[in-house]
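Subject: Structure for your review

Dear colleague,

Please find the structure below, together with its sequence. My findings follow directly after it.

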Amino acid sequence: METPPPLLRFDGVTCRFGEVTAVGGVSCDIAAGSFVALVGASGSGKSTLLKTVNTLVTPSAGRVLFGGEAVTALPPARLRRRVGYVFQGIGLFPHFSVAENIAIGPRLAGEKLPPERIAELLALVELDPAYARRMPDALSGGQRQRVGVARALAGGPELLIMDEPFGALDPLTRDALGRKVRELHETLGLTTVMVTHDMAEALLLADRVLVMDRGALVADETPHALLAGAGGAVAQRLASVPREQAERLAALEGLGEGPR
Amino acid sequence: MREIWDILPGLGDKLAAHVVLSASAIGLAMLIALPLAVWASRSPVIARLSLSLASLVQTIPALALLALFFPLLLSLRSVFGEGLPTLGFLPALMALTLYALLPILRNAVTAQANLDPGVLEAADGVGMTRWQKLALVEAPLSAPFIMAGIRTASVWTIGAATLATTIGQPSLGDPIFAGLQTQNWALVVAGCLVSAGLALVADWLLWWVERGIDERKRWKWAAALMAVVAGVTGALASQAEGKDRDTIIIAAKQFSEQYILAQLIGQRLEAAGYRVEYRDGLGSAVVHSAVASSSIDISVDYTGTIWTNYLKRTDNPGREAMYRTIRDWEMRENGVRVLGRLGFENAYAFAMRQDRAAALGVTSLADLTAKAPRLTIGGDPEFFERPEWIAVRDAYGLGFGRSRNFAPTFMYNALQSGEADVISAYTSDGRIAADKLVVLEDPEGALPSYDAMLMLSPRIAGDKGVIAALQPLIGAISVEAMREANLAVDREDAQKQTPKQAAEELARKAGL
Ligand SMILES: Nc1ncnc2c1ncn2[C@@H]1O[C@H](COP(=O)(O)OP(=O)(O)O)[C@@H](O)[C@H]1O
Ligand SMILES: [Mg+2]
């Protein structure tokens with residue numbers, strides 16, 4: 001049986017900013033249809049690696065292939081339509097309405113999104129179509145990030161990249177939105193790369209977890225394997241946090257009201 | 001109060017000129033500051049450099065900045081030719097533009113620097129090019145702050161534009177300077193009211209634009225912007241008509257005598273069928289070059305002024321020889337025709353209160369030598385720089401305890417109140433007689449003569465009609481008649497006259 005060619009391939013990607021080497025020679029393939037979480041401590045180079053995909057950062061060495069083509073060879077506008085990007089800071093344009101925010105990508109490509117399509121995109125992220133005319137400052141944090149996801153999906157992308165998309169949200173919203181994105185990933189047949197510093201989130205949502213440490217890829221495991229102890233010291237230190245939390249919670253449950 | 005209301009309708013022309021000047025300066029400042037701010041947002045070096053330069057400009061007093069453009073433009077004539085205007089609109093525009101730069105630039109740069117980095121990253125992330133990012137994100141998000149900067153600049157510029165009067169650009173400064181000079185307070189108040197009113201209206205309209213942009217209410221900012229455009233267009237239209245150069249422009253420096261003589265000349269020319277315009281309140285230093293360059297057609301200047309300032313002479317060949325030398329020099333060097341002398345002198349002199357002079361036993365400058373260290377001398381702002389003062393100081397060895405600067409009109413008040421013991425006075429000044437002052441003798445002949453001369457610019461130097469209309473003024477005005485006219489304008493009681501009335505009376509007394 002032949003494996004399908006990867007949708008995304010990092011090939012010896014290195015990014016230097018002056019003295020700092022943010023990413024040092026990362027190579028890995030991401031298969032079409034997979035949901036990959038990229039985990040690591042803050043400053044380990046996750047965002048930088050992610051940004052090489054839509055050429056917001058150009059590698060100092062190595063290359064990134066998207067569908068077999070070097071991303072730097074693709075016209076940026078075309079590339080960024082095929083790659084939906086959800087930001088950590090959400091990054092809605094405060095002077096655009098929700099509808100205008102969602103339609104910005106196609107608009108830059110010279111295409112006007114009809115209201116039905118906006119309503120459809122809002123429905124995908126479970127927002128009422130009436131929100132289309134609202135301004136971002138009239139939305140809650142969770143609603144804003146839903147719009148952020150809708151905006152990333154507006155161009156009909158093949159690949160969805162997300163940089164700590166739920167970092168600023170409260171736990172309930174965060175959980176709901178995580179599930180929603182996973183569901184969209186399935187129904188729309190997307191390939192998704194999600195950066196997060198939260199190992200629990202990575203383990204629960206992804207099919208595959210990549211761990212970065214000081215610019216290098218140090219583990220590439222399934223959630224199951226990681227929980228079973230694979231991936232090495234750095235990965236295990238990260239995985240130990242949710243595991244221990246789960247054990248303590250289970251212990252609390254077993255004790256009923258607790259020791260006091 | 002009634003007087004002020006009577007003056008206001010007559011200020012329409014000045015208001016229009018003021019609006020056109022201020023709006024042009026702000027418009028030009030925006031054209032420079034906004035692209036500069038965009039550049040600055042991409043280069044910290046440019047940001048620092050442009051902001052420090054703009055701040056530096058702000059530390060120069062507006063009056064000095066305006067005056068500095070005159071010599072600058074004069075020297076640029078070697079590049080751009082003699083047609084380059086050195087007075088009036090162009091230098092005023094340049095100085096005010098520089099002045100308006102800082103608030104616009106500072107707000108634009110600050111606004112750019114304070115943009116949410118997340119939003120900027122999103123702009124890149126959705127695939128915007130540099131220009132799309134600027135047009136769709138950076139500019140609209142910075143606009144309210146930039147508008148606030150433009151508002152500040154407008155208020156400053158409208159205020160500073162009143163100073164354009166001193167370099168021959170009509171503005172609302174005309175009534176203010178004229179009023180200050182002739183102690184016509186109604187005129188001063190009227191000028192200030194209109195200029196403050198204009199500043200308030202501009203500020204209010206631009207505030208609406210700012211609010212409109214901020215609240216994203218198109219009708220709001222569009223309506224306010226339209227009102228601004230309508231105002232400027234109206235002012236421009238009213239300025240455009242009757243701008244042909246048939247008009248003869250008459251200069252007046254910043255003292256009463258000059259206002260009166262300008263009126264006297266103007267009245268005669270109007271009677272002869274000429275259209276005239278007045279440039280009142282010009283800085284003394286610019287008048288001579290303005291006439292030489294035909295920016296202005298007629299001025300009254302004084303032999304001693306030309307002798308020291310333009311011929312750079314320090315000797316004193318006597319009254320007649322000095323006049324003839326100047327007359328020939330003006331024609332030869334500048335093409336300026338000195339039509340003749342009006343008949344009186346406005347020379348520098350030193351005056352004291354009678355009682356004070358008697359108490360100190362002073363009648364001549366020579367008597368002051370020993371007393372000076374305990375006395376205060378008052379002079380107009382340029383006096384202590386002038387060679388006349390230096391000549392007198394050296395001739396009599398005068399070392400005063402203190403020297404103070406006063407505007408010419410206030411010097412006499414300072415003498416009365418005892419804030420000065422001796423003042424530099426002018427022989428034609430009406431207040432010498434009115435205040436019963438003692439004019440100190442000059443036994444050494446250190447002070448040169450100051451015959452008032454009628455100067456015609458090269459443009460009208462050969463105009464027979466003008467010469468015929470003005471010839472009767474030559475030798476017609478005695479120093480007593482001039483003193484009386486000056487006093488009539490400077491006094492503050494019921495007999496106070498406007499320069500126009502005083503000029504009519506002077507013409508009658510001189511039998512013209
Ligand atoms: N544009 C840049 N200029 C200089 N240094 C950068 C830049 N972007 C990232 N870095 C540095 O690269 C390293 C990795 O950053 P980043 O990829 O943002 O890490 P993470 O997303 O894992 O927190 C950090 O040390 C960061 O300071
Ligand atoms: Mg990051």
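The second largest pocket has a volume of about 1,100 Å³. Of its 40 lining residues, Gln254(B), Phe255(B), Ser284(B), Glu382(B) and Pro408(B) are the closest to the centre. Please bear in mind throughout that this is a predicted model.

Several helices of chain B contribute to the lining of this pocket. At least two residues each are supplied by α4 (62-80), α8 (173-182), α11 (256-271), α12 (284-292), α18 (408-417) and α21 (479-490) of that chain. By residue class, the lining of the second largest pocket comprises 21 nonpolar, 11 polar and eight charged residues.

I turn next to ligand 1 and its surroundings in chain A. The shell around ligand 1 consists of Phe17(A), Val20(A) and Ala22(A), together with Ala41(A), Ser42(A), Gly43(A), Ser44(A), Gly45(A), Lys46(A), Ser47(A) and Thr48(A). Four of the shell residues are nonpolar, six are polar and one is charged. Two elements of chain A, β2 (20-30) and α1 (46-51), each provide at least two residues of this shell. The largest share, three residues, belongs to α1(A).

As for burial, ligand 1 taken alone exposes 560 Å², of which the protein buries 57%.

The strand β2(A), which contributes to the ligand shell, also takes part in a sheet. This open sheet of chain A has four strands in the order β2-β1-β4-β5, with antiparallel pairing. Its edge strands are β2(A) and β5(A) (69-70), each of which pairs on one side only.

How many bridges join β1(A) and β2(A)? Strand β1(A), residues 8-17, pairs with β2(A) in the antiparallel sense over seven bridges. Across this pair of strands, Arg9(A) stands opposite Asp29(A), a residue of β2(A).

With kind regards

Note on methods. Residues numbered from 1 in each chain as written. Chains lettered and ligands numbered in written order. Predicted model: local features only at pLDDT ≥ 70, side-chain atom pairs only at ≥ 80, totals over all residues. Heavy atoms only, no water. Near = heavy atom within 4 Å. Areas by Shrake-Rupley, 256 points an atom, 1.4 Å probe, with all protein chains shown as cover. Nonpolar A, V, L, I, M, F, W, Y, C, P; charged D, E, K, R; others polar. 1 Å grid on protein atoms, 1.4 Å probe; cavity = no way out; pocket = protein on both sides within 12 Å on 5 of 7 lines; lining within 4 Å. Points joined across faces, edges and corners; volume = space filled by probe spheres on them. Pairing = 2+ DSSP bridges.
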